[in-house]
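Work through the exercises below with the sequence and the model at hand. Try each task before reading its solution.

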Amino acid sequence: MTRASAGARLHFGFCNLSLSHERLYGALGLGLAEPRVVVDAEPAERVTVETADGDAAADPATRDDVREYARVAADLLGVPGARVALRESLPRHAGLGSGTQLAAATLAAIATAHGREVELRERAPALGRGGRSGVGVATFEAGGFVLDAGHPTARFTTDRPADGEWTVPPVAARHAVPDDWRFLLVRPDADPGRNGDAEDDAMRTAVERAEPGLADRIGGIVTRRVLPAIATGNAERFGAAVAEIGRLNGAWYADEQGGVYRPPVGDVVASLSASAAVFGAGQSSWGPTVYGVTDAANADAAAAAGERALAEAGVAGSVAVVRAAGGGARVTE
């Protein structure tokens, strides 16, 4: 039996959504040590899937996802099938990269069980992953903080290419995350984030309307604030910089999600931003997960701020403080 285990990821936003600039998208994010997706696989003559009871892995939609990823993976690898068991999974469409991490872990488990090379970056497009953002693929590969290079704008209209007709954006910069940094995850009990056709429609509208000047401002923040902060290990400056990028990204999406942040994320972000223990807060991808950047010395206070933020927003939810992933996915036999 082969086991593939990968952590969630945070998505801080894109560098550019305007077709006026040379490169489109260009995402920033980082890999987390937890929560995790865990997939077991062993060779078989056909694809079968079992799921764990009592957690997100038991969700019928998640089970359908892993079955489809397993079927496509077997076709890509040229193998007859696999017995796949989903042991742990991430909440679907919560801003934690559930789709890419599940697809990648399923591919990695099946490939390794059959003695094949995983070749995730080459095969991800056929699994429908890595079309806009390369952060999920990159963090599965090696963890850390990632800035991807986006896509040449000349290849794009407001519609994204069909599945399989793109390459995953290359990694433009990667940095290890300092050991004492921590990340607050506040997940309000709210509707899932945009996905599927709804996400495509929202992104199409955002690209059609994107103000190119926002990309210029974001580019300056990335080069003069984000990259120096991660290179020098300054969590306070890093948190403030990625929070600002998230706010500027929200201006592109405001008409689509009902504000700079989708409700009730804005209230949670505002509350966290008032805490000295949280160096910067924002919405990960389409949410509803809210992240906060902190460190080991402030972890308990940051967790308390997360609980307080949910209470002030008048919503239930969960709060956790986690480490960044020190490396990529773990694949063991």
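**Exercise 1.** Which residue in strand 10 is the bridge partner of Arg 182?

*Solution.* The model is a predicted one. Start with the two strands: strand 8 covers residues 181–188 and strand 10 covers residues 290–295, and they pair in the antiparallel sense over six bridges. Then look across from Arg 182: the bridge partner in strand 10 is Thr 294.

**Exercise 2.** Describe the surroundings of strand 5 and the directions of its side chains.

*Solution.* Take the partners in turn. Strand 2 (residues 23–43) runs antiparallel to strand 5 and is joined to it by three bridges; here Leu 30 stands opposite Phe 145. Strand 7 (residues 171–175) is also antiparallel to strand 5, with four bridges, and Val 146 stands opposite Arg 174. Next, follow the residues of strand 5 (residues 145–148): Phe 145 and Leu 147 point one way, Val 146 and Asp 148 the other way. All of them are buried.

**Exercise 3.** How do helix 2 and helix 4 pack, parallel or oblique?

*Solution.* The angle between helix 2 and helix 4 (residues 135–142) is about 45°, and their axes are 9 Å apart. The two helices are therefore oblique to each other. Their crossing is right-handed. Now list the residues that meet: Thr 100, Gln 101, Ala 104, Ala 105 and Ala 108 from helix 2, and Gly 136, Val 137, Thr 139 and Phe 140 from helix 4. Sorted by class, this contact has five nonpolar, four polar and no charged residues.

**Exercise 4.** Is Gln 101 buried or exposed?

*Solution.* Gln 101 lies in helix 2 (residues 98–113). Its relative accessible area is 1%, and buried means under 20%, so Gln 101 is buried. Leaving aside neighbours within four places in sequence, Gln 101 is in contact with Ala 6, Gly 7, Arg 9, Val 37, Leu 90, Gly 136, Thr 139 and Phe 140.

Methods: Residues numbered from 1 in each chain as written. Predicted model: local features only at pLDDT ≥ 70, side-chain atom pairs only at ≥ 80, totals over all residues. Heavy atoms only, no water. Buried < 20%, exposed > 50% of the residue type's maximum accessible area, 1.4 Å probe, protein only. Pairing = 2+ DSSP bridges. Contact = heavy atoms within 4.5 Å. Axes fitted to C-alpha atoms, helices over the stretch in contact; angles between N-to-C directions. Parallel < 35°, antiparallel > 145°, perpendicular 65-115°, else oblique. Left-handed = near helix turned anticlockwise from the far one by under 90°. Nonpolar A, V, L, I, M, F, W, Y, C, P; charged D, E, K, R; others polar.
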